[in-house]
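This report follows a single chain of reasoning from its strands to its helices and then to individual side chains. Please keep the sequence and the model at hand while reading.

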Amino acid sequence: MKKNFISLAAIVLLLSACGMEGSRSFKTDRFGIDVDNRGYITGMWNLTRESRNFSPADQPSPLLSLYDEDLKRYYYPQKAVYRDGKYRLEYENGSVATVCLDEKDRYFKLKLESLEPRNGIDDVQWGSYYTNIDNLLGEIIGVARDTSAAVGYAIGALALDDNTIGGEARYTSETGPSGYIAHSPDHANHPLPLTLVEGQQFTMGGDGINDVAFYNRKESYYRILYGNTAYVDCNGRIHIRYHSRDRRKGKMIYSPEGNPVFQNNEPNHMMRQDVPGVDFIGSSIALWGSPDSTALMEVIENIVLNEGLPHPMFNGKWVKDPSNFMPDVRTYGGLQDSFPSYVKQMGLKVIHTYDQPFLHADRGNGGYIDGPNHEKKRYHFTSGDLSTREYADLLAKDGLILGRTSISNSMAPGTKDCSPVPSDSICILHRRYLTENLNEKDTLIYIDDPTHLEEIACWEGHSKELNMVKIGKELIHYLGVTKEKPYRLMNVTRGYWDTEAVTHAKGDAVDKLQPAVGGGYTGLIPNLELQDEIAHHYADICKNSGLGMFDYDGQEFFFHTGFGGYGVKRFFREMFAQAKAYGLPDIRFTGATLSEGAWHYQSIWNVGGGLNIYDVKKRVWGSTTSQGKDLRDVTYANFFPSSFGANFPITKNTTVEDFEHIEATAIGYGVTYNMTLGQKDVESCPQKYAIFHVIRIWEEARRANAFPTYIRKMLQNPALSWRLETKADNSGWTLYQMDNGKKVRSFDLCTDNKQ
């Protein structure tokens, strides 16, 4: 079946004129949908050209589904009446939803205005919206992309409020996915083996602790997941879903849920806190369709700007604009003399000082990470050492940005909110009560209920050293709980992490705490309210110490409050709002993960690196693990910059040809990277100035949007070599294809090349 713009427009006019109660059609300037009298989408159309119906005939899409957490049951609309821009949807459980459907120029805005009576409904789900697109799965932001020359169309959705997050209502833990699924992006060239089924789930590889070892499936039909806003059915067809929960009353959850995990990441139970005033009424999404080539910059950015979603800027452009992607420099070696000069010569902006220790959030320092008078001089120069503030101010004179790696929201021992006087706002997994008085030396701690206390705290890693409870202002380590009355904690250590062991009375609360993981990440997780304050603290660091970039290692800890994407959005909204109140530029950040909650705020995802991500000598994505292939596929499908991670040190053996290939591939795929530099190694390189020039010229052309689509596709071919030169009259660039050091083909490039 085929349908074009004229026929759809005619139907819209007909329905509007006669007011018939059957199927209705709605349109944007490039996307149309048909909605039947039950409240299901039965048609999805590309209005820019003659096209097929993207809505599967065997799987219509409910506008809005309802979910009862106690019964573990979905309810779908049974009757739909449209009047004055609103749908009245009736459900089997007796609930009636009022959904506003607003036809914008480039998207549909759907908003839940009321649900009466609720009749046990805890959560509402937009969709699932089923498509017959089986190409690229955008599981983070919710998009189905057909990038083929024959079709070239994408269908997606975006949440328009913080409480509407990607995923299914039935997974109450909201932790997010892990592992791989079987999904072929191209059944003709990359068919699934007969032993696999589309959508089949697999764990990550390795030991579940070493993040590099996670990535272990190099075949193109294994797709790692970093979200579940979109998924595939058994035929590989992609569907999209968002949901919004009534958060006003806390809930016992089992986290993570619905994902294959390692034994040492076995899920555990958590009583998620209540959040007053946060409900699903008002939940809203934008539903859109567009030619794939215009989806990001003409549709998604339009939604972001019109609906007031986060629109962070870097270097004068939206951070999602592919012409704005740029490498950062990541330092090692401890000596900083030449880095400002290096960065200026390459035309870059950010110095990420990875040779500094991990930065832990400590509200006790007020954002003065080198002391109230910037007395710690941590940056080493031969002419004299500088504090963070002094170095940041020096860089700012040339428009450069200073960055550090921090451990997200993990509150380390010795920081204000952790120890020796722990906050009362640490995230609590379970609350129990003492059944006997306790003096300062007792190790027999009797409690009223042992349920779930045998679990090692935190689903991630299960570090035994972090298994503890808090009574009053004392932290107490324990392992195990007796199974029979009188219940008591076992293997107890009092006054843990330098807290004071004191007396406690019968009836006092015994709070099992949510930790991060061990090693350099050791710490406790804040509840939502304290996490808000930590978000403000990061803005304080930027204001008072001059940082403008963070690398959030342990970024997954934002999920540890139990709120998934809602908690992530809430953190970054608070941080960005506080920075704006201070009059600061938008904070640039990368981190250990990428999620639907962070997508709008996050500039880059420079995670991993080395041969795990990209091997410049072999010209392959990941020669040692599948990390490069995996993260490239995730980012590209979700309209996000890909990354080579921390990579490509300049040493005595580095060549200009290496960086011609690196830059060509980076621009071809839309890649950023952390160029890992040490001053002594750079100075040992005979070709350093020529390499700086290569990076500058390619990056200047990228910022000028000089590479049309057909050129970028050629740059992705690892068998080809390239050289870019500025024209003598500075009117543009000439791109040369090279063969054995000779120019064999040329292409003229200019600013905003539209070819």
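## Sheet, helices and side chains

Eight strands form an open sheet in the order S9-S10-S11-S12-S25-S16-S15-S14, and their pairing is antiparallel; strands are DSSP runs of E of at least two residues and helices are runs of H or I of at least four residues, numbered from the N terminus, and two strands pair if DSSP finds at least two bridges between them. The edges are formed by strand S9 (77–83) and strand S14 (136–138), each of which pairs on one side only. From one strand to the next, the twist averages 20°.

The model is predicted, so that local features need pLDDT of at least 70 and side-chain atom pairs count only at pLDDT 80 or more, whereas totals for chains, interfaces and linings use all residues. Residues are numbered from 1 along each chain as its sequence is written, and side-chain values use heavy atoms, with hydrogens and water left out.

Within the sheet, strand S11 (residues 96–103) and strand S12 (residues 108–116) run antiparallel and are joined by 8 bridges, with Val-96 standing opposite Glu-116 in S12. Helix H7 (residues 627–637) lies across S14 and strand S15 (143–146), running at about 75° to S14; axes are lines fitted to C-alpha atoms, for helices over the stretch in contact, and angles run from 0 to 180 degrees between N-to-C directions.

H6 is mostly covered, with 13 of its 18 residues buried, where buried means under 20% relative accessible area, exposed over 50% and partly exposed in between (1.4 Å probe, protein chains only). Gly-583, which follows H6, has a positive phi near 80°. In H8, 12 of the 14 residues are buried, so this helix is largely enclosed by the rest of the structure. The buried residues of H8 pack against strand S39 (642–647), strand S40 (671–678), helix H10 (688–703), helix H11 (709–715) and strand S41 (721–726), contact meaning heavy atoms within 4.5 Å. H8 is followed by Gly-670, whose phi is positive, near 75°.

His-430 lies in strand S31 (residues 428–433) and counts as buried because its relative accessibility is 2%. Beyond its neighbours within four places in sequence, the contacts of His-430 include Met-252, His-269, His-452 and Asp-511. A polar atom of the His-430 side chain lies 3.1 Å from the backbone oxygen of His-269.

A search of the whole structure finds 46 aromatic pairs, counted when rings of Phe, Tyr and Trp (its six-membered ring) have centres within 6.5 Å, with planes under 30 degrees apart called stacked, over 60 edge-to-face and the rest tilted. Among them, Phe-563 and Tyr-566 are edge-to-face, at 5.9 Å centre to centre and 65° between the planes, and both residues are buried. Tyr-689 and Phe-692 are also edge-to-face, at 6.2 Å and 85°; being 3 residues apart in helix H10, they are separated by about one helical turn. Tyr-689 counts as exposed at 52% relative accessibility, whereas Phe-692 is buried, with a relative accessible area of 1%.

How values were computed: A polar contact is a pair of N or O atoms within 3.5 Å; within protein, one must be able to donate a hydrogen and the other to accept it, and residues adjacent in sequence count only if both atoms are side-chain atoms.
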